[in-house]
Amino acid sequence: MTTFGFCLPIFASAGDAHVRTPLLEQLDMGELKASVLAAEELGYDSLWVADHLILGNQGAILEGWTTMATLAGMTSRIRLGPIHLAQRFRHPAILAKMVATLDFISNGRFEFFHDPYAGDRPEADAYGLPAEDEDTTLTRFEETIRLIYGMWEGDKVNFHGRFYRLEDAICSPKPVQKRVPLWLGTGGGANPEARSLVRKMMRLIARHADWYNITPVTTATLTRVLALLAETCAEEGRDYATLGKSVETQILVAESPAHLEELKAQISARNPQRYSDWPALEEQFIIGDVPTVIRRLEEYTDLGIDCFMLWFMDYPSRAGLERFAKEVMPHFQNAPEKR
């Protein structure tokens, strides 16, 4: 079954270079809480939070892990996950303890989306955090994954790696889930098969991940990316069919074509540099009235996408969040399984 996640905007991005919610001009904790409760009530499957230290208008963003802990206490059903949890922000043994605790207090609702590169270089420099060459970063990351899952599986853990050393480390209580799902991802660049980092990341994905994720991407590019992923899985001895596939993207769902044009005009007025070429945006994002949005989503599910992580472009209005849940989600919940 196709699942749908709500990406919670914990940074304002109207007029900013990192535009996910182009109409959100400032953070409002009351609105954030109301949106979380609405998403759970409306039947969204998962809730996702960015992991940055500086982002959005004037660099103002809530810290991701603290926010997720708050969300765990506010909700009872919806699953919780970070968007590209940054390796460089937290020591892996401490992170293993943090994840185990959050999975325990949420009764097994955590999705572990980890990333070797999350946390942009400028913010890492600003906070005095390490930045290493590509091969060292990826080698450290694979060791991090082995350490974290080892902490959850063992009682007293001794780990002697290239980067980390543990002596009789205890991580208790354990996560509620027998295996906390590991999500790894790549970007949605125009020529991902030509990028060495993508190829290296796909090897890690094939070896370790439960889920693959890609940032906003056209279906043409996604076709090439998934073909490369399938090829890499075969080389690594991984059954491609056992790997979940997901897309993080922006969505604008309107009640009619006329309403859609009104929303586009509002967005372009506040973000003229980022939101002017709407034909190109409509290829990369999910934009349209309800029938168009359903058709566009089907183009992705036909390629094997199982989960959509959605940034609602009309936020802080909850009209899109509600319309999608009531008029789009049922179409996929009632559809026959494709795999």
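This is a predicted model: local features need pLDDT of at least 70, side-chain atom pairs count only at pLDDT 80 or more; totals for chains, interfaces and linings use all residues.

Student: Okay, so how far apart are Glu299 and Arg296 in helix H10?
Tutor: Glu299 and Arg296 are three residues apart in H10, so about one helical turn separates them. Their side chains meet in a salt bridge, 2.7 Å from N to O.

Student: Is Arg296 buried or exposed?
Tutor: Arg296 counts as buried, at 7% relative accessibility. Glu299 is partly exposed, with 29%.

Student: How many salt bridges are there?
Tutor: The count comes to 20. Take Glu111 and Arg79, whose side chains pair up at 2.3 Å, N to O. Glu111 sits in the loop between helix H3 and strand E5 while Arg79 is in strand E3, so the pair ties together parts 32 residues apart in sequence.

Student: And which of those count as buried or partly exposed?
Tutor: Glu111 is buried, at 8% relative accessible area. Arg79 is partly exposed, at 23%.

Student: Switching to H7. How many residues does it have, and how far does it reach?
Tutor: H7 covers residues 219-236, which is 18 residues, and spans 25 Å from first C-alpha to last. That's close to the 26 Å expected at 1.5 Å a residue.

Student: Which of its residues are buried?
Tutor: Thr221, Leu222, Val225, Leu226, Leu228, Leu229, Thr232 and Cys233. Looking down the axis of H7, those buried residues fall within an arc of 160 degrees, so they line one face of the helix.

Student: What covers them?
Tutor: The cover includes helices H6 and H10, plus strands E9 and E10.

Student: What comes just after H7?
Tutor: Gly237, with a positive phi of about 75 degrees.

Student: You mentioned E10. Where does Thr249 sit, and what does it touch?
Tutor: Thr249 is in strand E10 and is buried, at 2% relative accessible area. Leaving out residues up to four places away in sequence, Thr249 touches several others, including Pro216, Phe285, Met309 and Trp311.

Student: Last one: which residues form the nonpolar patch on the surface?
Tutor: Phe104, Ile105 and Val176 form it, with about 280 Å² of accessible area together. Val176 is in the loop between strands E7 and E8, and at 42% relative accessibility Val176 counts as partly exposed.

Definitions and conventions:
Residues are numbered from 1 along each chain as its sequence is written. Side-chain values use heavy atoms; hydrogens and water are left out. Helices (H or I, at least four residues) and strands (E, at least two) are DSSP runs, numbered from the N terminus. The expected span of a helix is 1.5 Å times one less than its number of residues. Buried means under 20% relative accessible area, exposed over 50%, partly exposed in between (1.4 Å probe, protein chains only). The arc is that of the directions from the helix axis to the C-beta atoms. Contact means heavy atoms within 4.5 Å. Patches are made of residues with over 30% relative accessible area and no salt bridge: like charges are joined within 9 Å, nonpolar side chains (Val, Leu, Ile, Met, Phe, Trp, Tyr) within 5 Å. Accessible areas come from the Shrake-Rupley method with a 1.4 Å probe; for residues, only the protein chains shown count as cover. A salt bridge is a side-chain nitrogen of Lys or Arg within 4 Å of a carboxyl oxygen of Asp or Glu.
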